[in-house]
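Please take a moment to look over the model before reading on.

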Amino acid sequence: MASAAQKPLRVAIVGAGIGGLMLTVALQHMDKAKKLDIHVYEAAPALGEIGAGINLWLRSWEIMKAIGLEETFVNMMDEAPTDEARLVFELRKSDQPDGVALSELKMKGIVAILAELQKALMARVGPCVSLSRRLVAYTEYENHVELEFQDGPAVNCDILIAADGIRSAVRKQFMKSLGKGKDVVNSDPVWTGTYAYRGLLPHEAIERELPGHRAKTNPVIYCGKYKHLVVYPLSNGRFTNVVAFCTDPALEGTPWNEVPPTSATQDELRSRYVGWEGEVQALINCIETPTKWAINNLNPLERFADHRVFLAGDAAHAMTPHQGAGAGQAIEDAYILASLLTAEGADRKKIPRIAEVYNKIRCPAANAVLMASRDQGKWCELDHPELEGVNEGDTLPKERLDGLCRDISKAWEWVWTTSAETDRQMAIRLLGKKEVGPGACSVM
């Protein structure tokens with residue numbers, strides 16, 4: 001009979017979103033010794049699309065190549081990332097009748113992945129995904145974790161990895177177990193005070209409203225006090241995606257806004273942008289039935305893992321969309337964790353140590369991006385230390401806005417000037433040391 005050390009390491013991943021499926025792909029690709037037995041449990045009965053798509057910056061693209069997904073992704077793109085700097089966004093101050101150009105953000109290796117990504121990943125990972133399996137609780141023992149589901153029998157595993165989103169059932173129990181009866185950091189999602197109104201606009205409609213509108217060809221951020229719009233043409237050349245953010249800063253940090261995505265009225269959206277430049281008015285006039293979303297996120301957690309239980313993706317560090325980095329951070333979780341679990345000498349005895357290394361590498365990195373994303377959203381709404389006292393519609397000299405443009409540009413540099421490979425190598429080194437030591441990462 002095989003010893004416990006020789007038996008495959010049973011890895012249970014809860015959640016078949018982008019983070020959970022990326023982790024599965026990474027584990028399958030790196031597990032050359034075939035020492036892992038991987039199963040994914042998804043609560044939903046079927047997987048849907050992920051909306052208009054996700055951003056994939058150069059830092060994430062390097063991971064895709066490292067885990068064997070380059071061909072899969074290239075087949076979904078018009079073109080692969082290159083070392084050529086490309087326009088990310090034009091920045092404009094738009095909360096006035098005559099908008100003002102502020103700056104252009106450029107970087108290398110920008111990719112927009114289409115909504116079919118999740119289905120493509122499902123096809124890649126094979127039959128290890130079980131649908132309609134909603135986890136309701138887990139019990140951690142010295143040598144295994146028992147999973148209890150709403151439907152179906154219980155399951156035992158050696159490692160539980162929760163990739164079950166911002167409302168993670170695992171995270172709540174995980175944080176209670178860390179506290180062991182003491183007060184711990186509140187891990188419930190909090191509202192940012194922001195609503196997002198979304199619309200997908202045919203280029204024909206935009207052209208009728210304002211011929212030659214730049215939003216058909218260029219990505220633009222239209223900035224104003226406590227409001228901004230993120231606008232970008234999709235790769236198919238026929239539609240432009242519009243997301244209009246409106247914030248009440250007094251409500252930032254209040255409890256999770258339970259309002260599900262709903263349909264808003266065009267008049268409601270139009271009333272939010274009275275007095276803004278004509279380009280913005282033209283786009284709003286094309287959104288006949290906007291959808292309205294509450295933007296929620298997590299406060300930074302001190303730990304993402306303990307003993308045999310790990311948090312990943314939005315379950316660990318759900319963030320605002322203002323840096324387009326949420327999916328990328330889930331991909332980095334997958335890369336680091338897969339590298340540790342498949343490292344030479346990694347076995348059952350080292351699981352608690354793997355948890356500590358994962359904390360040391362991923363907590364500072366993901367939490368830094370979470371906070372940077374918050375800042376970026378505020379800065380795009382002129383909520384910046386150098387713009388105190390500025391009101392919506394105020395006309396400002398260009399030099400008054402230079403510091404804002406500088407900070408917005410600098411805050412995005414990490415996505416193409418740093419590499420997750422640095423973090424992966426550091427994680428492997430820490431795993432081999434006697435003491436894990438202080439955490440570090442290559443982000444910011």
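Which residues line the second largest cavity? In this predicted model, where local features need pLDDT of at least 70, side-chain atom pairs count only at pLDDT 80 or more, and totals for chains, interfaces and linings use all residues, the lining consists of G19, L23, A312, G313, A330, D333 and A334. Residues are numbered from 1 along each chain as its sequence is written, and side-chain values use heavy atoms, with hydrogens and water left out.

Rolling a probe the size of a water molecule over the atoms shows where empty space is left. Here a cavity is a set of points, on a 1 Å grid over the protein atoms alone, where a 1.4 Å probe fits but cannot get out, and its lining residues have an atom within 4 Å of a point. Grid points are joined across faces, edges and corners, and a volume is the space filled by probe spheres set on the points. By this rule there are two cavities of 30 Å³ or more.

The second largest cavity has a volume of about 40 Å³, and both α1 (18-30) and α10 supply at least two residues of its lining; helices are DSSP runs of H or I with at least four residues, strands are runs of E with at least two, and both are numbered from the N terminus. The largest cavity holds about 50 Å³ of space, and its lining is made up of W57, R59, S60, G324, A325, G328, Q329, E332, W414 and V415. Two or more of these lining residues come from each of α2 (58-66), α10 (326-341) and α13 (414-417). In the largest cavity α10 gives the most to the lining, with three residues, and α10 likewise gives the most to the lining of the second largest cavity, again with three residues.

Turning to the strands, six of them form an open sheet of mixed pairing in the order β7-β2-β1-β11-β20-β19, where two strands pair if DSSP finds at least two bridges between them. Because β7 (129-130) and β19 (305-306) stand at the edges with a single partner strand each, one side of each is left without a neighbour in the sheet. Strand β1 (residues 9-14) runs parallel to strand β11 (residues 159-162), and four bridges join them; V14, for instance, has A162 in β11 as its bridge partner.

Finally, the protein chain as a whole contains 14 helices and 20 strands, and its C-alpha atoms fill a box of roughly 75 × 50 × 40 Å along the principal axes.

Note on methods:
1 Å grid on protein atoms, 1.4 Å probe; cavity = no way out; pocket = protein on both sides within 12 Å on 5 of 7 lines; lining within 4 Å.
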